[in-house]
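This briefing goes through a two-chain structure by topic. The sequence and coordinates come first, and the notes follow.

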Amino acid sequence: MIKQDIKISNRLGLHARPAALLVQTAGQFTCDIKIIKDQIEVNAKSIMGVMMLAAEYGSTLQIQCDGSDEQQAMAALADLFKNKFNEEF
Amino acid sequence: MFVIKGVPASPGVAIGPALLLPSADFAITNQYVDATQIKHEILQFTGALEKTLKDLDGFEQKLRDTLGPEYANLMSMHKMILQDPMLKDATLRKIKQEHMSAQAAIFFTLKELAASFEKIEDNFFKERRNDIFDVGKRLVNHLSGGKESFWSSIQTPSVLIARDLYPSDTLNLKEHQVIAFCTDQGGKTSHTALLAQSMRIPAVVGLYNAFRQIKNGDTVIADGENGLLILNPDRYTLARYKKIQKEIKKAESLLKTINHLPTVTADGRNVQLMVNFDPRTDSKEDRKLITDGLGLMRTEFLFMNTPKPPTEEEQYQAYLAIAKRFDMRPVIIRLADLGADKLPDFPLDEFDKDNNPFMGCRGIRLFLKNPELMHTQLRALVRTACEVPAQIKIMVPMVSSVEEMRHVRAALDKALAEFEQEGKRPLNKVSLGAMIEVPSAAIALDGMIADMDFISIGTNDLIQYLVAVDRVNPEVAHMYDPCHPAVLRTIHQIIQTAHQRRKTVSICGEIASDEKMIPMLLGLGTDILSVPPRMFLRVKNRIRNLNFEACADAAQAALLAGNSEDIRKLIEQNQDEDS
């Protein structure tokens, strides 16, 4: 299993569109992916779970990937956050 | 008999049995099942999941074809909720461990999920609760083993009563026997109202809590003329409305005969009559109307329900289709009036939630803070003007100072220069005007008008700001008064200022199609009225039966009146003289 802490840098936080994008990306991998914020742990492949985190700008999340393609999954997710979900044009 | 007052959203009268659109609180017939049934319930659930997914795919396609991609995007959120492992796991657990029926398991899972969303201190998330229940309704509809769903079960022509209608519901209206609809929510310009008008069925909206007072099968009258919903009418009322229905039918067929006649008063004063146009609800009937042009095209819908702002190309295609539809006539397109109650899904610069959104960052204020959005829209408009000979007129919403007009003018000049460099020039001049809806712009118009090519009065918001009344707040909605002396005096002042500079004034708010207000508006010197297509022939007929001199006299008298009551009396006197 691998872990990584990630800070949310797009201004509106993890609202509907980024949440949808995150879930879609996570769904492409077979490994288990969890997101943890303030001791709440959700399945990254669940849209309702991710939205329930209500993760706002500046908050920090921990992503955990566990499975055969965990490296690729982590890289893909980290990319999303780094590119601010392609939102800030 | 019981009469509920609402807002008339689409004219006409319909009489029939009430049909309540089931709300999110669906009934559970059996909560627990026998252990031997568990397998069956699981299969029911997984089968319903598959069927619902197929449904949503179909709806997505249908929405894309009929209402455009911005509505289709609504469905992708629903699809993700449906495929959410949380929903599936929790429902299966309830069936397997607690022996719940599939129906009950879905219901309680949704309830738990919705409850956790309500805890979140953010309106956007709270609203997702509706999406969750919308998906739940679809799932449960599929449980009883392919039983006909609500819509196809409608046997007789019925008046649909709903709390609110979603885009997915409104599609069904077209295919089933709905003869009118009445909703607790919504206003005159809501999507629901526009749709009813394009389907040419009566609608009453803003009924607050009619839904709770009516039972399935109750006889109701939907009076789209006066905005009334009459529950269990007595014999006398029923007879009266049947007569009215016949009269309306007769009048409507007579109206068609005046389509090709000029819009001119009985004593020979020309008035230009245009339509407020929405391409999403265009219909065959509407295309037959002979109009003087497009008086107001709102563009917000291009920016809503989409994860990214519309590109220049997307907007250009939309404007081009519209410009072609109106060939050489004027086409007034309003820059997107985003903000307040119309917030897009994509993030905007410098935008925080407003405490007082109608006085906050909306219309041109929002565009000036997001210049890229404005630039793209202006470029798409200029590009359209380079392609077809339509008279493209760009209208700026929410203008309150001359600086704002100058900023937009500079941005338009920049867009024009960019096309000039590519060797492209508009075939007809692109003009730039303002929607006057903020009192400061109305009062100090003389200092701003040199920067405006034309003036349009947005009476809906102007009245709202003049009397400081939010029309959707039931506590004060009755104080929203188009007959307030301040309203007529302000319109008068705007028209006088514009006419001194030889500029035309159009009115595109609801009062332009209000039979009672039309004489006043003409009397004050309005050059152009712009009305919804459904009201076009009615308004034309009204104008053709008016005497302009009498209207002008009544308007002069009304300007001297000190209260709404006196102005109403003047309007009624004038009406009596006509008939």
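This is a predicted model: local features need pLDDT of at least 70, side-chain atom pairs count only at pLDDT 80 or more; totals for chains, interfaces and linings use all residues.

Which residue of β4(A) does A:Lys7 stand opposite? A:Lys7 faces A:Thr60 there.

**Sheet of chain A**

- Chain A has an open sheet of four strands in the order β1-β4-β2-β3, with antiparallel pairing.
- Its edge strands are β1 (2-7) and β3 (40-43), each of which pairs on one side only.
- β1(A) and β4 (residues 60-66) of chain A run antiparallel and are joined by six bridges.

**Contact between the chains**

- Chain A and chain B each bring residues to the contact: 17 residues from chain A and 17 residues from chain B.
- On the chain B side, at least two residues come from each of α2 (69-82), α3 (85-98), α4 (102-118) and α5 (123-143).
- That side of chain B is made up of twelve nonpolar, four charged and one polar residue.

**Chain B overall**

- Chain B has 579 residues, of which 45% count as buried.
- Its secondary structure consists of 21 helices and 16 strands.
- Among contacts in chain B with a separation of 6 or more, 69% link residues 24 or more positions apart.

**Nonpolar cores**

- The largest nonpolar core holds 99 residues, and B:Val331, B:Ala434, B:Ile436, B:Ile494 and B:Leu521 have the most contacts inside it.
- Helix α13 (residues 371-387) of chain B gives the most to this core, namely seven residues.
- Beyond its neighbours within four places in sequence, B:Ala434 touches B:Met395, B:Val396, B:Val399, B:Met405, B:Ala441, B:Met452 and B:Ile455.
- A second, separate core has 52 residues, including A:Met48 and A:Leu53 from chain A and B:Ala48 and B:Leu87 from chain B.

- Strand β5 (residues 178-183) of chain B is largely enclosed by the rest of the structure, because five of its six residues are buried.

**Strands β9 to β11 of chain B**

- Strands β9 (residues 272-277) and β10 (residues 294-297) of chain B are parallel and share three bridges, and B:Val275 is the bridge partner of B:Leu294 in β10(B).
- β10(B) pairs in the parallel sense with strand β11 (residues 330-334) of chain B over two bridges, and B:Met297 has B:Ile333 in β11(B) as its bridge partner.
- Helix α11 (residues 312-325) of chain B belongs with β10(B) and β11(B) to a right-handed β-α-β unit.

**B:Ser76**

- B:Ser76 is located in helix α2 of chain B, one of the helices that supply residues to the side touching chain A.
- B:Ser76 counts as partly exposed because there are 14 C-beta neighbours inside 10 Å, whereas a buried residue needs 20 or more.
- From C-alpha to C-alpha, B:Ser76 lies 8.3 Å from B:Leu56, and the two are 20 residues apart in sequence.

Methods
Residues are numbered from 1 along each chain as its sequence is written. Chains are lettered from A and ligands numbered from 1 in the order in which they are written. Two residues are in contact if their C-beta atoms, placed from the backbone, lie within 7 Å. Ala, Val, Leu, Ile, Met, Phe, Trp, Tyr, Cys and Pro count as nonpolar, Asp, Glu, Lys and Arg as charged, and the others, Gly among them, as polar. A residue is buried if 20 or more other C-beta atoms lie within 10 Å of its own, exposed if 12 or fewer, and partly exposed in between; C-beta atoms are placed from the backbone. A nonpolar core is a set of buried Ala, Val, Leu, Ile, Met, Phe, Trp, Tyr and Cys residues joined through C-beta atoms within 7 Å. Two strands pair if DSSP finds at least two bridges between them. A crossover is right-handed if, with the strands pointing away from the viewer, the path from the first strand over the helix to the second runs clockwise.
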